[in-house]
Amino acid sequence: MPRRVLVIEDNHDIAELVKLHLRDCEAETDIEYSGTAGLARARSHAYDLVILDLMLPGLDGLEVCRRLRDRRAYVPILMLTARSGELDRVLGLEMGADDYLTKPFSIRELVARVRAIFRRVDAFEGAAGSGNLLEQGDLRMDRD
């Protein structure tokens with residue numbers, strides 16, 4: 001089954017380039033060009049990954065990230081941004097991003113990072129199905 005990825009990026013060329021190369025990961029990709037539209041799409045559809053720019057019209061990427069992390073359902077977030085300072089990277093990760101890649105970026109590195117995120121999610125889901133996870137209503141307990 002293909003993965004579903006949401007790219008929230010205001011630069012149309014970058015968004016289309018990312019979408020083109022995510023086919024290498026067998027991913028179906030949707031694009032939104034503003035933080036407001038991206039957040040709405042992320043809340044109304046199930047995605048396996050959100051690739052998020054920081055400097056967006058409407059809501060900025062940090063606010064989108066914060067609001068996605070307020071939700072119960074977890075979705076991995078890869079920040080893809082021109083903000084390359086250490087403080088920007090640390091803030092993005094502290095706000096809940098799973099990974100951070102700065103522009104300009106290598107397509108090969110982007111694809112490798114996306115595949116790594118998918119492997120981590122698969123490993124977590126595999127562990128959750130191993131019988132070591134007990135669930136009752138809203139309570140989840142990992143016996144390990």
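Modeller: Begin with a helix pair. Helix 2 passes helix 3 in a right-handed crossing. Helices (H or I, at least four residues) and strands (E, at least two) are DSSP runs, numbered from the N terminus. This is a predicted model: local features need pLDDT of at least 70, side-chain atom pairs need 80 or more, and totals for chains, interfaces and linings use all residues. Residues are numbered from 1 along each chain as its sequence is written, and side-chain values use heavy atoms, without hydrogens or water.

Colleague: At what angle do helix 2 and helix 3 pack, and how far apart are their axes?

Modeller: Two packed helices are described by the angle between their axes and the distance between the axes. Here helix 2 (residues 35-44) and helix 3 (residues 61-69) pack at about 20°, with axes 10 Å apart. Axes are lines fitted to C-alpha atoms over the stretch in contact, and angles run from 0 to 180 degrees between N-to-C directions. The two helices are therefore roughly parallel (under 35 degrees; over 145 is roughly antiparallel, 65 to 115 roughly perpendicular, the rest oblique). G35, L39, A42 and R43 of helix 2 meet V64, R67 and L68 of helix 3, with contact meaning heavy atoms within 4.5 Å.

Colleague: Which backbone features stand out?

Modeller: Most residues other than glycine have a negative phi, and most peptide bonds are trans. E26 has a positive phi of about 55° and is not a glycine. E26 lies in the loop between helix 1 (12-22) and strand 2 (27-32).

Colleague: Which peptide bond is cis?

Modeller: The one from K103 to P104, with omega near -5°. P104 lies in the loop between strand 5 (99-102) and helix 5 (107-128).

Note on methods:
A crossing is left-handed if the near helix is turned anticlockwise from the far one by less than a right angle, and right-handed if clockwise.
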